[in-house]
Amino acid sequence: MLEDRGVRRGIEVLVKDAVDPDLPVKKARVVRTYPRPSRWLVVKYEDGNMDQVEESQITTMFEVNRRGREI
């Protein structure tokens with residue numbers, strides 16, 4: 001769930017495109033998360049656009065940094 005991964009309002013995340021996952025990820029900031037058991041959240045991209053995305057489409061900056069140390 002979102003809370004288990006540390007996803008909450010205000011943190012930066014990387015968002016994959018749902019239709020074409022091969023596109024580069026876009027940096028966004030979490031605007032709203034929905035209560036349990038929802039897996040959806042609202043993000044605002046750097047260009048100002050907002051979008052509702054599913055938990056499987058995002059990666060947190062913490063997860064990126066942790067993965068870099070494991071390699």
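**Entry 1: Glu63**

I looked up the pair Glu63 and Arg5 to begin with. Their side chains are joined by a polar contact of 2.9 Å. I note here that the model is a predicted one.

Next I asked where Glu63 sits. I found Glu63 in helix H1, which runs over residues 61-70. Is Glu63 buried or exposed? Its relative accessible area is 13%, so Glu63 is buried, the cut-off being under 20%.

I then checked for a backbone partner. The backbone nitrogen of Thr60 is 3.1 Å from a polar atom of the Glu63 side chain. I now have two entries for this side chain: Arg5 and the backbone of Thr60.

**Entry 2: Val13**

I moved on to Val13. I placed Val13 in strand S1. Its relative accessibility is 0%, so Val13 counts as buried.

Which residues does Val13 touch, leaving aside neighbours within four places in sequence? I listed Lys26, Lys27, Ala28, Val30, Val43, Ile58, Thr59 and Thr60. Thr60 was already in my notes, through its backbone nitrogen and Glu63.

I also took one distance. From C-alpha to C-alpha, Val13 and Asn49 are 14 Å apart in space. In sequence, 36 residues separate Val13 and Asn49.

**Entry 3: the nonpolar core**

I looked up the largest nonpolar core. How many residues does it have? I read twelve: Leu2, Val7, Ile11, Val13, Val15, Ala28, Val30, Leu41, Val43, Tyr45, Val53 and Ile58. Strands S1 (12-15), S2 (26-33) and S3 (40-45) are the elements that give two or more residues to this core. S3 gives the largest share, three residues.

Beyond its neighbours within four places in sequence, Ala28 is in contact with Ile11, Glu12, Val13, Val15, Val43, Lys44 and Tyr45. Val13 is on that list, and Ala28 is on the list for Val13.

**Entry 4: the largest pocket**

I ended with the largest pocket. It holds about 170 Å³ of space. I found 13 residues in its lining. Which of them lie nearest the centre of the pocket? They are Lys16, Asp17, Ala18, Lys26 and Tyr45.

Two of these names were in my earlier entries.

I sorted the lining by class.

Terms used. Residues are numbered from 1 along each chain as its sequence is written. This is a predicted model: local features need pLDDT of at least 70, side-chain atom pairs count only at pLDDT 80 or more; totals for chains, interfaces and linings use all residues. Side-chain values use heavy atoms; hydrogens and water are left out. Helices (H or I, at least four residues) and strands (E, at least two) are DSSP runs, numbered from the N terminus. Buried means under 20% relative accessible area, exposed over 50%, partly exposed in between (1.4 Å probe, protein chains only). A polar contact is a pair of N or O atoms within 3.5 Å; within protein, one must be able to donate a hydrogen and the other to accept it, and residues adjacent in sequence count only if both atoms are side-chain atoms. On a 1 Å grid over the protein atoms alone, a cavity is a set of points where a 1.4 Å probe fits but cannot get out, and a pocket is an open set with protein on both sides within 12 Å along at least five of seven lines; lining residues have an atom within 4 Å of a point. Grid points are joined across faces, edges and corners, and a volume is the space filled by probe spheres set on the points. A nonpolar core is a set of buried Ala, Val, Leu, Ile, Met, Phe, Trp, Tyr and Cys residues joined through side-chain atoms within 4.5 Å. Contact means heavy atoms within 4.5 Å.
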